[in-house]
Amino acid sequence: MNRYSLKYALINGVRLAVSYIILVITAVISIFPIYYIIITSLNPIPTLASITITSLLPEKPSLGAYYYIIFREPFILWLKNSLILSSGTVAITLIIAFITGAALSRLDIPGKRTLIVTLYVITFFPFVATALPLYLLFASLHLINSYIGLILAYSGGTSIFSAYLVKIFIDKIPRDYEEAALIDGLNRLEAFFRVLLPMAKPIIAFIALIAFMGAYTDYALANAFITSGNLWTLTLGMYYLAFVNRATLYNVLAAFAVLMGVPIFIVFIAFQKYLVQIYAMGGVKA
């Protein structure tokens, strides 16, 4: 090996080492909060001031916090309510967003550009800013304190943003596939379901994820729309345990966060294949 080859090999080795060091540091920073919340859930901590480095390895781990949440508090009821609201929001959002996005992408309709720009501008409005108008509207329709009212409120916000994403994604799918299907004898509706819909699975999975996350982790609208304890969601339940109950049981709150994160983890795993494709595309670029 000559001097120049040795020099380039050394430079590549240093670059590779620096890359691995950065990746390791990034991985530790990303994983540590998850590790810490799990360890805290297994380790009773009386006060925040008592948290030390040694508490990262609990001497006597206990599942008492999980037992307390599941069997002493209505966690299952809160989880059921959250899943009903999230599932309903995902279903309505997917239907509205995909039909709207596909129509904006494939059909030549009057005022199409104006409508697209309007959707784009509306996506910049914070979702919480709509809480008061939505509350007044749904109160007049007697939809407060019901699953339907909250699902419609969640779906309205996520559908607008999602429709814009679907439109951008479908724009990148060549029309040749649908035209070939029409030549083969399919009508436009069959081409939509048998060609366009399967090719749009990555964006469908991405929209399902953000719709689920939005409804599942929301506190502001749930707190405004729900007045009955039987309809409380997980976020309201966590607030109850943290403040209304005057509890400083950090291990209980940590265990609650872990349990609350399980459905989100399952959704990520279920859609992992398609989400990777979206991330590999660099998101959905306009």
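Predicted model: local features only at pLDDT ≥ 70, side-chain atom pairs only at ≥ 80, totals over all residues.
The chain has a mean pLDDT of 84, and 90% of its residues reach 70 or more. Confidence is highest in H3, at a mean of 92, and lowest in H13, at 79.

I want to talk about helix H9, residues 201-216, and its neighbours. Two packed helices are described by the angle between their axes and the distance between the axes.

First, H3, which covers residues 75-106. How do H3 and H9 cross? Their axes come within 8 Å, at roughly 140 degrees. The crossing is right-handed. If you want to find the contact on screen, look on the H3 side for residues including Leu79, Leu83, Val90 and Phe98, and on the H9 side for Ile204, Ile207, Ala211 and Phe212, among others. Which classes of residue make up this contact? There are 13 nonpolar and 4 polar ones, and no charged ones.

Now over to H13, residues 272-280. H9 and H13 pack with their axes 8 Å apart, at an angle of about 100 degrees. From H9, the contact uses Lys201, Pro202, Ile203, Ala205, Phe206 and Leu209, and from H13 it uses Tyr274, Leu275, Gln277, Ile278 and Tyr279. By class, that gives 9 nonpolar residues, 1 polar and 1 charged.

The next neighbour is H8, residues 188-199. The axes of H8 and H9 come within 5 Å and cross at roughly 65 degrees. Leu197, Pro198 and Met199 of H8 touch Lys201, Pro202 and Ile204 of H9. The count here is 5 nonpolar, 1 charged and no polar residues.

Let me finish with some rings. How many aromatic pairs does the structure hold? It holds 13. One of them is Tyr67 with Phe71, a tilted pair, with 4.8 Å centre to centre and 40 degrees between the planes. Both sit in helix H2, residues 64-72, and because they are 4 residues apart there, about one helical turn separates Tyr67 from Phe71.

Technical notes
Residues numbered from 1 in each chain as written. Heavy atoms only, no water. Axes fitted to C-alpha atoms, helices over the stretch in contact; angles between N-to-C directions. Helix = DSSP H or I, 4+ residues; strand = E, 2+ residues; numbered from the N terminus. Contact = heavy atoms within 4.5 Å. Nonpolar A, V, L, I, M, F, W, Y, C, P; charged D, E, K, R; others polar. Left-handed = near helix turned anticlockwise from the far one by under 90°. pLDDT = per-residue confidence, 0-100. Phe/Tyr/Trp six-rings, centres within 6.5 Å; stacked < 30°, edge-to-face > 60°.
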